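Hello,

Here is the structure I promised to pass on. Please open it first, then read my notes below.

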Amino acid sequence: MPGRYDDIMSLSVRKGFIWPTADIYGGFGGFYDYGHLGAGLKRKWEDAWLRHFVKSEDNYYLVDTTTILPYRSLKASGHVDHFTDVMAKCSNCGESFRGDQLLEDATGASAEGMSPDDIDAKLEELRLKCPECEGEFEATELFNMMFPLAVGPAGTDDAFLRPETAQGVYLNFKREFEALRRRIPMGLAIMGRAFRNEISPRQGTYRMREFIQAELQIFFDPEDEGFPSSMSLSDFDGLGVRVAFEEDRENVQALSCQELMDKGLPWFYVAHMAKVQSFYTDLLGYPPEKFRFAELGEDERAFYNKIHFDIQIDMGSLGGFKEVAGIHYRTDHDLSGHEKESHEKMSVSSGGRRFIPHVLELSFGVDRNVWSLLDTFYKKNERSILKLPPPLAPIEAGVFPLLSKDGLPELAREVYTRLRKEFDCFYDASGSIGKRYARMDEIGTPYCITIDHDSLKDNTVTVRERDTTDQTREGIDALPDVLRKLLRTF
Ligand code: GAP
């Protein structure tokens, strides 16, 4: 649906959400910058994520680690050998493509995880040609997506830009385990940049070469059947977890947690599926039918995962359900790998046993989630409205004088200055009041405060709500309380 993509990109660029990096030089494939509204929206999404997944749990914390990692650490994690995509290169124009994407674009079916030989055979069978010049493809090959670096003046220290934030946590696991007084389960989150030299970045912020992840690594005892003890089956009575299994991707079933466990998924995994779904549909207000988990099969899963469901949102701008996050059961893959390479013991003593903790990873792409908010909540009818959940709105309140005379701007400025200390506000005195409301609606501002002649007499103002356009009259002194109640809802 290119029309929808163009609408959202146009809104983003015109208003200050997202645009291509270095666009005065024609852009830079796979790199995007956030403008003032995008940065605000992203920060609020990150805060909501942090509260829902990290601050809500005992012994879960945010950490922050470097974006450059030494070669050995990524050799140990398996990224040096396995973090690859299949590259198809045109023998005529030299353009490179992801082999699985060429097949997916041609057939509509997932080709993730196919080997170079299988992709070659399928390209041949379908007689696919270069989309740029109709040339023939060379034999496909594996391409490692990490950005290599030569660190130091002599360039002798091999390193990479991190391809995922997760490794920073694993490298610090032992230190945090000691600092946090040796308790399992322990959750460590990182929110930060990751880098992948994507063969063919595309669809705006969907496939970027530098992007932001919000990842939580939960270390737990694989024999603790009660984990996570902070949640119980009864918490999810009546919840239908929306799942599409590998064998029938088009069929989304709403299953209870018990039904998912009957299908062989462990409790700790199912509980986190429920927690993730509730983040999207209850907290952020995504329509349930736009949300689903999609199971990945053995060939499709990342090399470190034993159980892997993608979290997908149906995005009109990107042509259907697209991955925005994943729940990954990584077992002891990473800690064992680092133990072997570094000779540092990663095992811990807990519950009378010694073991290497297993890891459940909740991995979210922040940029994809921000795009999905724009896609899900932007309505373009007679009125263009971005119906963002109010706590995520980058501008929380517009403050306007009805007219630019009679002392109204002075009082409006006073109100704006008072509110700005606590809320994200925008002062606007230009154009008709209708135009000012429309500009705020389009960037998602949930409330507009207008100062009129009555305000001068009785110290009250109108507060207009974005979606209904309903207006109420409130006292100026009561505004902070009124806004707090309306905006601080999660
Ligand atoms: N630590 C696990 C991991 O990195 P992943 O499925 O490769 O798993 C996790 O990535 C999330 O990061 C994805 O669900 C997606 O939202 C985001 N992501 C991955 N590659 C991306 C890219 N090239 N551009 C934007 N976001 C990306």
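The aromatic pairs come first: the structure, a predicted model, holds 30 of them. Take Y5 and W371. Their rings form a tilted pair, 5.5 Å centre to centre, with 35° between the planes. Y5 belongs to helix α1 (residues 2-15) and W371 to helix α11 (residues 366-377), so this pair ties together parts that are 366 residues apart in sequence. Y5 is buried, at 18% relative accessible area. W371 is buried too, at 2%.

A second pair is W49 with F53. The ring centres are 5.8 Å apart and the planes stand at 45°, so this pair is tilted. Both residues sit in helix α2 (residues 36-55), 4 residues apart, or about one turn of the helix. Both W49 and F53 are buried. They also belong to a cluster linked by ring pairs; among its other members are W45, F279, Y280, F293 and F364.

K263 lies over the face of F245, 5.0 Å from the ring centre. The charged end of R368 sits over the ring of Y206, 3.7 Å from its centre.

Next, the cores. In soluble globular proteins, nonpolar side chains tend to be buried together. Here the largest nonpolar core has 81 residues. W49, Y269, M273, Y280, F293 and F364 have the most contacts inside it. Helix α9 (residues 267-283) gives the most to this core, with 10 residues. Domain 1 (4-81 + 146-379) and domain 3 (386-487) each supply at least three residues. M273 touches V241, V243, L260, L265, F293, F309 and I327, leaving aside residues up to four places away in sequence. Another core lies apart from this one; its 20 residues include V399, V415, I451 and I476.

Last, the cysteines. How many disulfides does a search of the whole structure find? The count is 0. C133 is partly exposed, at 27% relative accessibility.

C448 is in no disulfide either; the nearest cysteine sulfur, that of C425, is 11 Å away. Is C448 buried or exposed? At 1% relative accessibility, C448 counts as buried. C448 lies in strand β24 (residues 447-451). Among the residues C448 touches are G398, F400, Y437 and M440. V348 is 100 residues from C448 in sequence and 55 Å from C448 in space, C-alpha to C-alpha.

Best wishes

Methods
Residues are numbered from 1 along each chain as its sequence is written. This is a predicted model: local features need pLDDT of at least 70, side-chain atom pairs count only at pLDDT 80 or more; totals for chains, interfaces and linings use all residues. Side-chain values use heavy atoms; hydrogens and water are left out. A nonpolar core is a set of buried Ala, Val, Leu, Ile, Met, Phe, Trp, Tyr and Cys residues joined through side-chain atoms within 4.5 Å. Buried means under 20% relative accessible area, exposed over 50%, partly exposed in between (1.4 Å probe, protein chains only). Helices (H or I, at least four residues) and strands (E, at least two) are DSSP runs, numbered from the N terminus. Domain bounds come from an automatic or database domain assignment. Contact means heavy atoms within 4.5 Å. A disulfide is a pair of cysteine sulfur atoms within 2.5 Å. Rings of Phe, Tyr and Trp (its six-membered ring) pair if their centres lie within 6.5 Å; planes under 30 degrees apart count as stacked, over 60 as edge-to-face and the rest as tilted. A charge sits over a ring if NZ of Lys or CZ of Arg is within 6 Å of the ring centre and within 35 degrees of the ring normal.
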